[in-house]
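Welcome! Have a look at the sequence and the model below, and keep them in view while you read.

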Amino acid sequence: MRVSDTADLWWKNAVLYCLDVETYMDWDDDGTGDFPGLVQRLDHLVDLGVTCLWLMPFYPTAERDDGYDITDFYGVDPRLGTHGDVVELIRTAHDRGLRVIVDLVVNHTSDQHPWFKESRRSTDNPYRDWYVWRSDTPPDTSDQVVFPDQEDSIWELDEKTGEYYLHQFYKTQPDLNVTNPLVRDEIAKIVGFWTQLGIDGFRMDAVPFLLDTAGTSTAEADRLPDPHAYLRDIRAFLDRRTNGGILLGEVNLPFDEQLEFYGGTDGDELTMQFDFIGMQATYLSLARGDAGPLARALTGRPATAPESQWATFVRNHDELTLDKLTEDERQEVFAAFGPEPEMQIYDRGLIRRLPPMLGGDPRRIRLVYSLLFSLPGTPTIFYGEEIGMGEQLSVGSRLAVRTPMQWTSGTNGGFSRARASRLPGPVVTGGYGPEFVNVADQRKDPDSLLTFFRLLIARRKECPELGWGSFEVLDQPHTAVLAHLCSWDDGALLALHNLGAEPVVVPVALDGCGAEHLLADLLVEGTTALDERGRAEVPLEGYGFRWLRVVAPGTRRLL
């Protein structure tokens with residue numbers, strides 16, 4: 001029996017908010033964000049309207065990869081707080097109607113993890129088989145490295161034993177060997193430990209790498225002939241331990257391969273996956289002022305099980321990857337949104353936030369977020385997006401977008417009263433610094449981006465068809481316009497977005513509708529009549545957008 005048989009599928013209409021405890025709010029003024037500070041800012045999230053909090057890694061770490069090089073999967077980084085603080089956060093969040101998911105980073109550990117320290121002691125150490133080793137000289141794997149500016153191979157020679165260990169990421173992050181049943185059991189214990197403390201699921205890091213048994217010996221690979229069976233086991237274990245816990249997977253692959261990680265149409269592996277293809281197509285469409293690439297990406301999504309879901313986003317904590325675009329398409333996006341070398345990384349991505357990429361144009365910024373919240377799936381936002389934070393390019397890496405949250409116009413943006421040198425990273429400077437962009441000022445401004453975010457989230461919650469319904473892209477004579485219809489049960493929402501600078505009049509024709517129906521605006525006041533054939537012409541300004549509820553005779557929905 002799957003979770004869908006016994007529990008509410010809360011993630012279908014959730015709004016996720018990702019943050020790093022280290023950079024969110026420092027309550028003891030030691031320069032590092034902490035759990036007590038996050039607890040003090042939960043009311044901001046409730047006021048915003050988000051329903052699920054996603055925490056980036058907060059475990060003890062060797063600090064070589066911003067917390068993704070973990071030294072203890074059961075611990076809490078003492079700079080951030082204690083287990084008691086984590087439990088208090090979960091309790092307080094649940095009291096306010098927020099669910100909490102945390103990063104599950106089990107493809108690799110830090111090379112400072114006790115397991116790896118034991119593994120590298122000798123070839124016959126009991127922990128040797130917890131990692132992937134080889135005695136022969138590996139072939140050239142420079143074309144497989146994830147971070148080409150840092151690594152030139154996925155194998156690293158360990159001088160003590162003269163053998164090589166596998167690391168799909170940095171050499172300080174050796175890969176765990178999931179063909180070893182002891183490793184799989186340990187991962188289950190990690191899942192069980194944090195669910196016992198009350199978390200509502202996991203964002204699962206680097207899932208394809210975790211299931212990839214390449215590099216293991218034939219005998220090792222034979223212990224796990226079907227890696228997807230292991231992913232099904234994790235999902236089943238989570239279902240048994242929680243009432244509606246989710247696995248949100250990072251799977252940046254073509255759609256047909258992503259379907260495998262859902263468990264096909266059975267939906268018994270990952271609960272949700274990020275739509276990287278749709279995200280990248282969004283930026284290509286914005287660069288061209290042509291909705292075509294995004295429309296093709298959205299209609300290219302494969303059909304999934306009813307309990308599966310796509311997570312939509314326009315920015316996250318990593319670089320804005322453009323790896324699924326062709327080289328020419330990638331250069332188009334670079335030219336439009338990151339033309340300077342310091343804005344680019346790995347020749348495939350950008351280390352920028354959305355508002356600076358759009359030149360601070362409030363029309364385009366609001367257009368993009370209106371689009372995000374009206375697309376089918378579950379929207380996911382990265383901390384600071386709700387106020388339009390910028391990046392700090394001087395950092396020169398993915399950390400450029402992981403700067404301290406800007407709460408006020410005061411010192412360090414109200415994040416901490418410690419000296420700037422003690423902060424986890426520099427506060428954004430220039431036109432997107434806290435003196436211009438902060439929560440306190442925008443809370444009092446009815447025309448602020450924060451106020452607009454509240455409106456979008458509130459309206460989305462009133463439109464279950466966006467999370468549950470069928471999806472259709474409507475034909476359009478205007479290449480710049482994306483017109484899409486989401487329908488479910490007795491509700492339907494028509495969303496229109498003009499990606500171009502010129503105003504247009506959008507013709508729409510809705511099957512099964514007539515003069516007795518009308519279109520009611522959800523973001524502004526107004527209605528539009530349909531003729532007897534369900535047709536209407538709807539004006540859109542340059543970079544304009546409208547959410548239109550299809551209102552049937554006798555409807556009892558609030559407009």
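The report below walks through a few parts of this model.

## About the model

This is a predicted model, in which local features need pLDDT of at least 70 and side-chain atom pairs count only at pLDDT 80 or more, while totals for chains, interfaces and linings use all residues. Residues are numbered from 1 along each chain as its sequence is written, and side-chain values use heavy atoms, with hydrogens and water left out.

Helices (H or I, at least four residues) and strands (E, at least two) are DSSP runs, numbered from the N terminus.

## The annotated domain

In UniProt, an unreviewed entry gives residues 22-422 the feature "domain: Glycosyl hydrolase family 13 catalytic". UniProt positions are given here in the numbering of this model, feature names are shortened, and annotations may be inferred rather than shown by experiment.

Helix 13 covers residues 327-337, and Arg330, Val333, Phe334 and Phe337 are its buried residues (buried means under 20% relative accessible area, exposed over 50%, partly exposed in between, with a 1.4 Å probe and protein chains only). Looking down the axis of helix 13, you find these buried residues within an arc of 100°, so they line one face of the helix. The arc is that of the directions from the helix axis to the C-beta atoms.

What does the buried side pack against? The buried residues of helix 13 pack against helix 11 (276-288), strand 12 (344-345), strand 13 (349-350), helix 14 (354-357) and helix 15 (362-374). On the face turned away from that buried side sit the exposed residues Asp328 and Ala335.

## Two helix pairs

Two packed helices are described by the angle between their axes and the distance between the axes. Axes are lines fitted to C-alpha atoms, for helices over the stretch in contact, and angles run from 0 to 180 degrees between N-to-C directions. Helix 6 (residues 181-196) packs with helix 9 (residues 227-241) at an angle of about 25°, and their axes are 10 Å apart. That makes helix 6 roughly parallel to helix 9 (angles under 35 degrees count as roughly parallel, over 145 as roughly antiparallel, 65 to 115 as roughly perpendicular and the rest as oblique). Among the residues making the contact are Ile187 and Val191 of helix 6, and Phe237 and Leu238 of helix 9. Contact means heavy atoms within 4.5 Å.

Now find helix 15 again, together with helix 17 (residues 449-461): their axes come within 10 Å and cross at roughly 20°. Helix 15 and helix 17 are therefore roughly parallel to each other. Their contact includes Tyr369 and Phe373 of helix 15, and Phe452 and Leu456 of helix 17.

## Residues in loops

Phe147 lies in the loop between strand 4 (133-134) and strand 5 (155-158). Is Phe147 buried or exposed? Phe147 is buried, with a relative accessible area of 4%. Not counting residues up to four places away in sequence, Phe147 touches Phe169, Tyr170, Tyr346 and Arg398. From Phe147 to Tyr346 there are 199 residues in sequence, yet 6.9 Å in space, C-alpha to C-alpha.

Asp29, in the loop between helix 1 (21-24) and helix 2 (35-40), has a positive phi near 60° without being a glycine. Asp29 is partly exposed, with a relative accessible area of 21%. Asn412 is not a glycine but has a positive phi of about 55°, and its loop runs between strand 14 (378-382) and helix 16 (439-443). With a relative accessible area of 12%, Asn412 is buried.
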